[in-house]
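Subject: Structure handover

Hello,

The structure is below, followed by notes on what was found in it. Please read the notes with the coordinates open.

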Amino acid sequence: MTASPLCRLEDIPNPGGIDLEIKGEACFAVRRGQSVKVFRNSCPHIGAPLNLIPGQFLDLEKEYIQCSTHGALFEIDSGLCVAGPCRNQSLKAKSCTLINGEVYLADDLERSR
């Protein structure tokens, strides 16, 4: 079995995010420069999707991931909530890696070896 990429780096706005579906689960990829993180699209506060508008995951300054329901702010690199009702909780990360401009789930790469 060969791993399939989730998306290409160029598909993700810089900085910004895109919606993904991974094995039936709503997720998203967020990018800043050459760094990409993938998270489950679910706020730890109430489980609601973080975005109301497809692809809109960052605050106006594009410094944090922002929950559109309650305005909670999450660090892009770690998913840690730094402001809002779920402070000190984290988004559920999906381990990913960037290879030749394509984003892969790390687990899929391990299984394909």
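Rings of Phe, Tyr and Trp (its six-membered ring) count as a pair if their centres lie within 6.5 Å; planes under 30 degrees apart make the pair stacked, over 60 edge-to-face, and the rest tilted. By this rule there are two aromatic pairs. This is a predicted model, in which local features need pLDDT of at least 70 and side-chain atom pairs count only at pLDDT 80 or more, while totals for chains, interfaces and linings use all residues. Residues are numbered from 1 along each chain as its sequence is written, and side-chain values use heavy atoms, with hydrogens and water left out.

F28 and F39 form a tilted pair, 5.7 Å centre to centre with 35 degrees between the planes. F28 sits in strand β3 (residues 25-32) and F39 in strand β4 (residues 35-40), 11 residues apart; strands are DSSP runs (E, at least two residues), numbered from the N terminus. The rings of F28 and F57 are stacked, because their centres are 4.2 Å apart and their planes at 10 degrees. F57 lies in the loop between β4 and β5, so this pair ties together parts 29 residues apart in sequence. F28, F39 and F57 form one aromatic cluster.

Buried means under 20% relative accessible area (exposed is over 50%, partly exposed in between; 1.4 Å probe, protein chains only). F28 counts as buried at 0%, F39 at 1% and F57 at 1%.

Elsewhere, an open sheet of three strands runs in the order β5-β6-β7 with antiparallel pairing; strands pair if DSSP finds at least two bridges between them. β5 (64-66) and β7 (81-83) are at the edges with a single partner strand each, so one side of each has no neighbour in the sheet.

Regards

Definitions and conventions. Helices (H or I, at least four residues) and strands (E, at least two) are DSSP runs, numbered from the N terminus.
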